[in-house]
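Please keep the sequence and the model at hand while reading.

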Amino acid sequence: VFNPIITIDGPSGAGKGTVAYRLAQALGLNLLDSGALYRIVGLLAHEAGLLDGQVADLEEKLGALTEKLDLAFRVNDDTKTVEIVIDGQVLTKDIRNETVGGYASQVAVFPKVRAALLKVQQDMGKKGVVADGRDMGTVIFPNATAKIFLTASAKARADRRVAQLQMMGKPADYEAILAEIQARDERDQNRAAAPSKPAEDALVIDSSALNADEVYAKVVEFCAQKG
Ligand code: C5P
């Protein structure tokens with residue numbers, strides 16, 4: 001298929017990012033990490049004091065904040081990593097932590113925020129893309145070439161997160177991490193706007209008992225059938 005679009009949706013910690021990165025490399029496609037967009041909006045909203053509760057016209061304010069952001073992804077040829085550029089500046093803040101993940105899922109419930117992020121995401125699909133998120137196959141790219149929904153039990157995902165943190169020498173409280181994962185799942189699955197769920201034509205993979213290579217092999221096999 002010319003300019004294929006491969007979508008990988010599912011809850012946090014199921015291994016979407018790892019598979020998406022590997023697949024994009026193998027196929028020479030761009031990578032869309034849609035969660036990063038919601039994380040940026042979440043962080044900016046937090047910094048603007050919008051997530052402190054009891055804010056009037058919250059959706060309007062968040063929608064306006066998101067709309068005026070100039071967001072882009074850019075490959076840094078020196079480091080071979082994808083950088084996020086906001087209003088011309090490369091993002092250097094840490095957005096990959098559970099605190100920011102929580103802010104992201106708070107702003108992600110609002111249709112005005114989602115609508116403001118639609119175009120930047122769909123534009124990335126024009127040259128072919130591997131896209132990971134919650135609604136890539138259901139909302140953003142309904143006509144994708146191949147759709148995958150990668151999930152795993154909350155316990156398996158908490159175990160992986162703890163192992164990751166320990167490897168980085170950071171403190172890891174299993175019970176707290178499990179509770180955060182469950183709270184974020186709950187919000188992402190039960191919201192009215194683009195709830196996290198498999199597209200009807202998605203291959204569902206449960207990675208609880210699989211390693212990264214096994215997951216990747218299943219994904220590649222499925223994409224080969226579709227492509
Ligand atoms: O995938 P990641 O953990 O980075 O996403 C952070 C949060 O952003 C999710 O918990 C979800 O609330 C939101 N999100 C979304 N739609 C996407 C990607 C992320 O609502 N396509």
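By class, how many nonpolar, polar and charged residues does the shell around the ligand have? The shell has four nonpolar, six polar and five charged residues. In this count Ala, Val, Leu, Ile, Met, Phe, Trp, Tyr, Cys and Pro are nonpolar, Asp, Glu, Lys and Arg are charged, and the others, Gly among them, are polar.

## Basis of the description

The model is predicted: local features need pLDDT of at least 70 and side-chain atom pairs count only at pLDDT 80 or more, while totals for chains, interfaces and linings use all residues. Residues are numbered from 1 along each chain as its sequence is written.

## Annotated region

The unreviewed UniProt entry carries the annotation "domain: Cytidylate kinase" over residues 6-223; such annotations may be inferred rather than shown by experiment. Over residues 6-223 the chain is 50% helix and 17% strand, and the end C-alpha atoms are 8 Å apart. Helices (H or I, at least four residues) and strands (E, at least two) are DSSP runs numbered from the N terminus.

## Ligand surroundings

Of the 15 residues around the ligand, Gly35, Tyr38, Ser105, Ala108 and Gly133 come nearest; a residue is near if its C-beta atom, placed from the backbone, lies within 6 Å. Helices H2 (34-47), H4 (98-107) and H9 (174-190) each supply at least two residues of the shell. The largest share, four residues, comes from H2.

## The parallel sheet

Five strands form an open sheet with parallel pairing, in the order S2-S6-S1-S7-S8; two strands pair if DSSP finds at least two bridges between them. Strands S2 (30-33) and S8 (203-206) stand at the edges, each with a single partner strand, so one side of each lacks a neighbour in the sheet. Neighbouring strands are turned by 20 degrees against each other on average, direction ignored. The axes are lines fitted to C-alpha atoms, for helices over the stretch in contact, with angles from 0 to 180 degrees between N-to-C directions.

Strand S7 (residues 146-151) pairs with S8 over four bridges, and threonine 151 stands opposite aspartate 206 in S8. Helix H1 (residues 16-27) packs on the sheet, touching S1 (5-9), S2, S6 (129-133) and S7; contact requires C-beta atoms, placed from the backbone, within 7 Å. The direction of H1 makes about 175 degrees with that of S6.

## The antiparallel strands

Strands S3 (residues 71-76) and S4 (residues 81-86) pair in the antiparallel sense over six bridges, with isoleucine 84 in S4 as the bridge partner of phenylalanine 73. Four residues lie between S3 and S4 in their hairpin, where lysine 80 in the turn has a positive phi of about 60 degrees.

Methods. Two residues are in contact if their C-beta atoms, placed from the backbone, lie within 7 Å.
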